[in-house]
Amino acid sequence: MVNQVNGVEVLRLHRLSGESNLKAFADVSFAGVFIVKGLKVVEGKKGMFVGMPARMGKDNKWHDIAYPVTKEFRETLNEIVLGAYEEEK
């Protein structure tokens with residue numbers, strides 16, 4: 001699986017079957033030196049988006065454990081991962 005832009009590469013994409021809003025999981029490499037596992041492809045009310053890996057905090061709320069710092073990079077990451085998801089059809 002390769003969908004690479006500006007050093008961001010989708011290494012693995014695992015599609016899920018069924019009617020859930022959760023459609024797939026992805027592992028992404030950044031510049032070949034850092035990997036984030038467990039990004040989620042989700043079908044939301046406003047369309048498809050990429051959810052970041054998260055864990056439950058002591059306050060019983062979910063908190064992202066890795067995430068883009070800027071809006072521009074979040075959009076780029078969404079394009080790359082959703083592009084890989086579409087290629088896998």
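**Turns, pairings and a core in a predicted model**

Ala31 is exposed, because its relative accessible area of 58% is over the 50% that marks an exposed residue. This value, like the others below, comes from a predicted model. Ala31 is not a glycine, yet its phi is positive.

Asn60 lies in the loop between β6 (54-56) and β7 (62-64). Is Asn60 buried or exposed? With a relative accessible area of 61%, Asn60 is exposed.

β3 and β4 run antiparallel and are joined by eight bridges. Within this pairing, Ala26 stands opposite Leu39 of β4. Ser29 is also found in strand β3, and its relative accessibility of 5% makes Ser29 a buried residue. A polar atom of the Ser29 side chain lies 3.4 Å from the backbone nitrogen of Gly32.

β4 also pairs with another strand. Five bridges join β4 to strand β5 (residues 47-51), and the two run antiparallel. A hairpin of two residues leads from β4 to β5. Gly44 has Gly47 of β5 as its bridge partner.

Charged side chains come next. How many salt bridges does the model hold? The count comes to two. One is formed by the side chains of Arg12 and Asp27, with N and O 2.9 Å apart. This pair links distant parts of the chain, as Arg12 belongs to strand β2 (residues 8-15) and Asp27 to strand β3, 15 residues apart.

Lys23 is buried, because its relative accessible area of 14% is under the cut-off of 20%. Glu43, at 38%, is partly exposed.

A search of the whole structure finds one aromatic pair. The ring centres of Phe30 and Phe73 are 6.1 Å apart and the ring planes are at 50 degrees, so the pair is tilted. Which parts of the chain does the pair tie together? Phe30 lies in strand β3 and Phe73 in helix α1 (residues 71-87), so the contact joins parts that are 43 residues apart in sequence. Phe30 is buried, with a relative accessible area of 18%, while Phe73 is partly exposed at 30%. A charge over a ring is found too: Arg15 lies over the face of Tyr85, at 3.8 Å from the ring centre.

Finally, the nonpolar residues can be considered together. The largest nonpolar core holds 18 residues, and those touching the most other members are Val10, Leu13, Val28, Leu39, Val41, Leu77 and Val81. Which elements give two or more residues to this core? They are β2, β3, β4 and α1. α1 gives the most, with six residues. Leu39 links two parts of this account, being one of the core residues with the most contacts to other members and also the residue opposite Ala26.

Notes. Residues are numbered from 1 along each chain as its sequence is written. This is a predicted model: local features need pLDDT of at least 70, side-chain atom pairs count only at pLDDT 80 or more; totals for chains, interfaces and linings use all residues. Side-chain values use heavy atoms; hydrogens and water are left out. Buried means under 20% relative accessible area, exposed over 50%, partly exposed in between (1.4 Å probe, protein chains only). Helices (H or I, at least four residues) and strands (E, at least two) are DSSP runs, numbered from the N terminus. A salt bridge is a side-chain nitrogen of Lys or Arg within 4 Å of a carboxyl oxygen of Asp or Glu. Rings of Phe, Tyr and Trp (its six-membered ring) pair if their centres lie within 6.5 Å; planes under 30 degrees apart count as stacked, over 60 as edge-to-face and the rest as tilted. A charge sits over a ring if NZ of Lys or CZ of Arg is within 6 Å of the ring centre and within 35 degrees of the ring normal. Two strands pair if DSSP finds at least two bridges between them. A nonpolar core is a set of buried Ala, Val, Leu, Ile, Met, Phe, Trp, Tyr and Cys residues joined through side-chain atoms within 4.5 Å. A polar contact is a pair of N or O atoms within 3.5 Å; within protein, one must be able to donate a hydrogen and the other to accept it, and residues adjacent in sequence count only if both atoms are side-chain atoms.
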